[in-house]
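Student: I am new to this structure and would like a close look at a single part of it. Could you take me through that part slowly, and then through what else can be said about the model?

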Amino acid sequence: MGVRPTFGTGRAVLVEAFLLDRDEDLYGRVLRVDFVARLRGERRFDTVEALVEQMRIDVVQTRDRCR
């Protein structure tokens, strides 16, 4: 949840969800998102690659919390 500072797309707050172990098109569907824990604060990454690497770390941390 935030303003996507790496991409500088404006100041509108967005909610983006990454669903683990799901491979289906959910565009146009209504989803419910429950906030369980905050992994990290919002920050700007210098490159898309750095953001993707942080997202990989976020997935590992999420899986660890769910065990």
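Tutor: Aspartate 46, in this predicted model, is found in the segment before helix H1, which spans 48-65. Aspartate 46 has a relative accessible area of 72%, and because exposed means over 50%, this residue counts as exposed. Although aspartate 46 and threonine 6 are 40 residues apart in sequence, their C-alpha atoms are 7.1 Å apart in space.

The largest pocket holds about 1,600 Å³ of space, and it is lined by 35 residues, of which Met1, Glu16, Ala17, Phe18 and Leu39 are the closest to its centre. Sorted by class, that lining is made up of 21 nonpolar, four polar and ten charged residues.

The second largest pocket holds about 520 Å³, and among the 13 residues that line it, the closest to its centre are Ala17, Leu19, Leu26, Tyr27 and Leu31. The lining of this second largest pocket has eight nonpolar and five charged residues, with no polar ones.

Note on methods:
Residues are numbered from 1 along each chain as its sequence is written. This is a predicted model: local features need pLDDT of at least 70, side-chain atom pairs count only at pLDDT 80 or more; totals for chains, interfaces and linings use all residues. Side-chain values use heavy atoms; hydrogens and water are left out. Helices (H or I, at least four residues) and strands (E, at least two) are DSSP runs, numbered from the N terminus. Buried means under 20% relative accessible area, exposed over 50%, partly exposed in between (1.4 Å probe, protein chains only). On a 1 Å grid over the protein atoms alone, a cavity is a set of points where a 1.4 Å probe fits but cannot get out, and a pocket is an open set with protein on both sides within 12 Å along at least five of seven lines; lining residues have an atom within 4 Å of a point. Grid points are joined across faces, edges and corners, and a volume is the space filled by probe spheres set on the points. Ala, Val, Leu, Ile, Met, Phe, Trp, Tyr, Cys and Pro count as nonpolar, Asp, Glu, Lys and Arg as charged, and the others, Gly among them, as polar.
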